[in-house]
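Work through these exercises with the structure in view. Try each task before you read its solution.

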Amino acid sequence: MQDTYKHKGLRKQLIDELRQKGISDENILDAFNEVPRHYFLDLAFEQQAYSNQAFQIGAGQTISHPYTVAFQTQLLNLKRGEKVLEIGTGSGFQTCILCQLGAKVYSIERQRELFIKSNAIIKKLKLNPELFYGDGYKGRPFNAPFDKILVTCGAPFIPQALTEQLKIGGILVIPLGAGNVQEMQRITKISETEFKTENFGDFSFVPMLERTK
Ligand code: SAH
């Protein structure tokens, strides 16, 4: 897989588009410049990799819109060195953006095919997230607590394990809703029992798959 001048030029255009749509964090825009999105797409879609679109990545799943990735990342208020748990590795693109921003990333994928595929792509990029094949509803109790948790599939409810595995002062970003449309929520953990919830409008994600029995 090559990263040509053409790809780099298209990335700059995408970054301008993200800026126009309201992504103002320059660190995030820089990360989009560093991570070649076309590596995460099947060859058939390579030419369109830098348009603001979602694409099929196999197993009936999609890589999120670049704007959605940037928007969710911005909601996390990420600082270098923070521990982040991602639910839904999918293509691995969002995972790499988080790594590029200096986070220590743990990411869980429920579908084996995608877990294997994203592993192979991420290895080539010299970023070092910890990738797990497992059930996002359970989080990663062994690696908890986390500064930030990011859910990248539509969750029918807030999994209790995730709020439990968040540090006090930590942030959970989650698209919440059982149908085709979810509301983007940012939940800040104030204390073990108190949470602040902010809403950031409607988005459309593939559904968070059922828990393992
Ligand atoms: N961050 C990804 C988004 C992929 S779509 C990207 O940028 O490519 C959401 C992903 O969540 C899919 O790969 C899907 O298989 C996964 N997923 C769905 N339910 C899950 C669950 N319960 N636990 C972990 N991953 C899940």
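## Exercise 1: Cysteines

C96 is buried, with 0% relative accessible area. The model used here is a predicted one.

**Task.** How many disulfides does a search of the whole structure find?

**Solution.** 
1. Start with the cut-off: a disulfide needs two cysteine sulfur atoms within 2.5 Å.
2. The search of the whole structure finds zero disulfides.

## Exercise 2: The largest pocket

**Task.** Describe the largest pocket: what is its volume, and which residues lie nearest its centre?

**Solution.** 
1. Rolling a probe the size of a water molecule over the atoms shows where empty space is left.
2. The volume of the largest pocket is about 460 Å³.
3. Its lining holds 35 residues, and T62, G88, T152, C153 and V206 lie nearest the centre.
4. Look for the elements that contribute. At least two lining residues come from each of β2 (61–63), α3 (66–75), β3 (83–87), α4 (93–100) and β4 (104–109).
5. Sort the lining by class: 15 nonpolar, 16 polar and four charged residues.

## Exercise 3: The second largest pocket

**Task.** Which element gives the largest share of the lining of the second largest pocket?

**Solution.** 
1. The second largest pocket has about 230 Å³ of space.
2. It is lined by 13 residues, with D25, N27, I28, L78 and L101 closest to its centre.
3. Two helices, α2 (26–34) and α3, each supply at least two lining residues.
4. The largest share, four residues, comes from α2.
5. By class, this lining has four nonpolar, five polar and four charged residues.

## Exercise 4: Aromatic rings

**Task.** Classify two ring pairs, F32 with F93 and Y106 with F132. Are they stacked or edge-to-face?

**Solution.** 
1. Know what to compare. A pair of aromatic rings is described by the distance of the centres and the angle of the planes.
2. The structure holds nine aromatic pairs.
3. In the pair F32 and F93, the ring centres are 5.6 Å apart and the planes stand at 75 degrees, so this pair is edge-to-face.
4. F32 is in helix α2 and F93 in helix α4, 61 residues apart, so the pair links distant parts of the chain.
5. Check burial. F32 has 3% relative accessibility and counts as buried. F93, at 1%, counts as buried too.
6. In the pair Y106 and F132, the centres are 6.5 Å apart and the planes are at 5 degrees, so this pair is stacked.
7. This pair also links distant parts of the chain: Y106 is in strand β4 and F132 in strand β5 (residues 130–133), 26 residues apart.
8. Y106 is buried at 10% relative accessibility. F132 is buried at 16%.
9. Ring pairs also link Y67, F71, F200 and F203 into a cluster.

## Exercise 5: Charges over rings

**Task.** Which ring does K83 lie over, and which ring does K104 sit over?

**Solution.** 
1. K83 lies over the face of F146, 5.4 Å from the ring centre.
2. K104 has its charged end over the ring of Y106, 5.5 Å from the centre.

## Exercise 6: Backbone angles

**Task.** Where is the cis peptide bond between A144 and P145 placed, and what are the phi values of A59 and N77?

**Solution.** 
1. Recall the background. Most residues other than glycine have a negative phi, and most peptide bonds are trans.
2. A144 and P145 are joined by a cis peptide bond, with omega about 0 degrees. P145 is in the loop between β5 and β6 (146–151).
3. A59 has a positive phi, near 55 degrees, and is not a glycine. A59 sits in the loop between β1 (55–58) and β2. Its relative accessible area is 27%, so A59 is partly exposed.
4. N77 is not a glycine either, yet its phi is positive, about 50 degrees. N77 is in the loop between α3 and β3. At 40% relative accessible area, N77 is partly exposed.

How values were computed
Residues are numbered from 1 along each chain as its sequence is written. This is a predicted model: local features need pLDDT of at least 70, side-chain atom pairs count only at pLDDT 80 or more; totals for chains, interfaces and linings use all residues. Side-chain values use heavy atoms; hydrogens and water are left out. On a 1 Å grid over the protein atoms alone, a cavity is a set of points where a 1.4 Å probe fits but cannot get out, and a pocket is an open set with protein on both sides within 12 Å along at least five of seven lines; lining residues have an atom within 4 Å of a point. Grid points are joined across faces, edges and corners, and a volume is the space filled by probe spheres set on the points. Ala, Val, Leu, Ile, Met, Phe, Trp, Tyr, Cys and Pro count as nonpolar, Asp, Glu, Lys and Arg as charged, and the others, Gly among them, as polar. Buried means under 20% relative accessible area, exposed over 50%, partly exposed in between (1.4 Å probe, protein chains only). Rings of Phe, Tyr and Trp (its six-membered ring) pair if their centres lie within 6.5 Å; planes under 30 degrees apart count as stacked, over 60 as edge-to-face and the rest as tilted. A charge sits over a ring if NZ of Lys or CZ of Arg is within 6 Å of the ring centre and within 35 degrees of the ring normal.
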